[in-house]
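This report covers the arrangement of the chains, the fold of one chain and the contact between the copies.

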Number of protein chains: 2
Amino acid sequence: MVTIYDIARATGLAKSTVANALSGKGTVSEATRRRILQCAEEMGYRPNMVARSLSNHKTSTIAVILPTISNPFYPEIVEAIEQTALEHGYQTLICNTHYNFEHGRLRMERLRSGWVDGYIIMGSSMDITDITGHFQQDIPIVLCDWQENEAPQGIPQVSVDFFRAGQLAAQHLLELGHRDLAVIVDDPQQSLRQAGFLSILQARGLSLPGKRILPGNSTLESGYNVAKSLFKEEQPPTAIFAATDLMAIGAIEAALDAGLRVPEDVSIIGLDDIFVSAHIRPPLTTVAVPKLQLAQAATHLLFAQINGEAQVSDAQLVEPHLVLRRSTATYPIT
Amino acid sequence: MVTIYDIARATGLAKSTVANALSGKGTVSEATRRRILQCAEEMGYRPNMVARSLSNHKTSTIAVILPTISNPFYPEIVEAIEQTALEHGYQTLICNTHYNFEHGRLRMERLRSGWVDGYIIMGSSMDITDITGHFQQDIPIVLCDWQENEAPQGIPQVSVDFFRAGQLAAQHLLELGHRDLAVIVDDPQQSLRQAGFLSILQARGLSLPGKRILPGNSTLESGYNVAKSLFKEEQPPTAIFAATDLMAIGAIEAALDAGLRVPEDVSIIGLDDIFVSAHIRPPLTTVAVPKLQLAQAATHLLFAQINGEAQVSDAQLVEPHLVLRRSTATYPIT
DNA sequence: CTGAAAGCGCTAACAT
DNA sequence: ATGTTAGCGCTTTCAG
């Protein structure tokens, strides 16, 4: 490895002069600067980022911690984060916790002091008490798309207005004429979506019997299984709101397997708008999370902290919107 | 930040003694070791990984470079790599190049010397000449799932036996009775799949007219568009092999949109076996790439190099296998 | 068993 | 404009 010292010797100059020339700081005569740059080029010099970091107390890398990148909800977001970070000269480390808090704690411990300048923590990938612990020690952290039932006191965060998302879903279904509804939801992590949904029903004087609130765990399989049991009832609901696209997709599968047509016999609406949702049959009507916005807002919040411009504002919210496709229809069919 | 020096002062010992106690190396009396450990605990000491790396010439992180994590083919692989790396005490940096070689070059330059101990490079995310350049300078590199038409001379790599994959697809279709075939392929990157496919036809004395070899670019959209034009023909093929699941899914959509039934009117087979393929309608029959195997083999190859046990073996190949689902059927329908 | 000292490659005052 | 020096936090000889 060729160091600035090597090229100092080669040019007969001092280390610091070389450093100045290379970094563009300080003052170096145009002549010697040229000489140094050329020499560096010839010798194949590359700055040692680790050494630089040690000296700088700055690593130019951030970490994104999430449950699992295999969940199709995340890749787009991560990519947008990476892109934005890159524009700030930062690289991105991603860490899957696989919903294992202990695992998440270890990962974060390891990254602490040294490896990264800040964290974006997504989903429910970590124990909130661990996070606040780190945050109180002035580690830049932003929560992104955090589980909706918790109130992580004072930590910068950007999230989706899930209550509103639930409302949008309910509104859509009611407008189509449905009155016999069911929701599949991962409680308590998705309680806001549920609450938003119910709030609209309530406003119209409707309610949902407890047995029509079904527990899923956000996976496609859980959506399938739960919906399957639903379709065994004598009088299944005419419309289902799945709090996650993956569960909605599972529900559609279950419906088709049960010999029902979607949307003719049952309408199904999801929440997320992951890539595949547009490409299943029927294409899924869903409440879309604006992923790019989410990612960019989170990244900017993080850099604000890293650059010390931190003002702990309240949780930032991004607005979801309805994406009409073909898994929902009027009831009764007209 | 509390350093070993801080805890040295606090305990009245020397820096190096503390270092020894903390690392378990050297010799420290049980009594003082205890004292040091406890003190470290109390003061909330965390080793500074960057400093350690500088001293060690070892960063304990590897980079995975790929075109885009948004392609559903990658997340599973990346996760497996991350997992395996973690077992070796390594963390994983992921870099999307977005198929932009220049971008890839820059990223790699930045990581060079300092940030990572090695690279796993996937897909056609980088210019091969850049890669060989780095490799010749003894940077540990392994190519994973590399584009099949190139022969990256001597660089360790693990790939899928795509020729065989193409054969499996052809065999399946022929066994079902199909004789009027088409393939959608991203040439030249996927030429091996195509060659394997054609080799089987040839062995049976069959051939494929040029107009039945359609160019796609591995995206769902391209599969859709290409298949759409195909279905406008008077006598469309009875079976299609799409060299990528995403293109196959697009082809299925095109078929359905054209009023054709899959598999009754047209059989469609993919290659990859991404997660969603099992969940579209009809579920996609495909040639599966063993992703876990691929990831593990690549990671092990990389660590072999990092640990200096490198013996440049020939390209390692993993075997694909057929996954029967419901997008293909006998012809004529029985 | 413990301590002193040098060095990893780079930065940043401060002197010359 | 260039050089000297002292770190950054840790590892690793080598003495005491």
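## Symmetry

Copies are superposed by least squares on the C-alpha atoms of residues with pLDDT of at least 70 in both. The model is predicted. On that basis, chain A is brought onto chain B by a rotation of 180° with 0.0 Å of shift along the axis, and the RMSD is 0.1 Å. The relation is therefore that of a two-fold axis. Within chain A, A:Leu93 has the C-alpha nearest the axis, at 2.3 Å from it. Both copies use the same surface: of the contact residues of chain A, 100% recur in chain B.

## Chain A

Chain A contains twelve helices and twelve strands. Its C-alpha trace spans about 90 × 40 × 30 Å along the principal axes. The radius of gyration of chain A is 26 Å, whereas a compact globule of 334 residues would have one near 20 Å.

Of the 334 residues in chain A, 49% count as buried. Among contacts in chain A with a separation of 6 or more, 71% are between residues 24 or more positions apart.

## Interface

Conventions. Residues are numbered from 1 along each chain as its sequence is written. Chains are lettered from A and ligands numbered from 1 in the order in which they are written. This is a predicted model: local features need pLDDT of at least 70, side-chain atom pairs count only at pLDDT 80 or more; totals for chains, interfaces and linings use all residues. Two residues are in contact if their C-beta atoms, placed from the backbone, lie within 7 Å. Helices (H or I, at least four residues) and strands (E, at least two) are DSSP runs, numbered from the N terminus. The radius of gyration is taken over C-alpha atoms; the globule rule is 2.2 Å times the number of residues to the power 0.38. A residue is buried if 20 or more other C-beta atoms lie within 10 Å of its own, exposed if 12 or fewer, and partly exposed in between; C-beta atoms are placed from the backbone.
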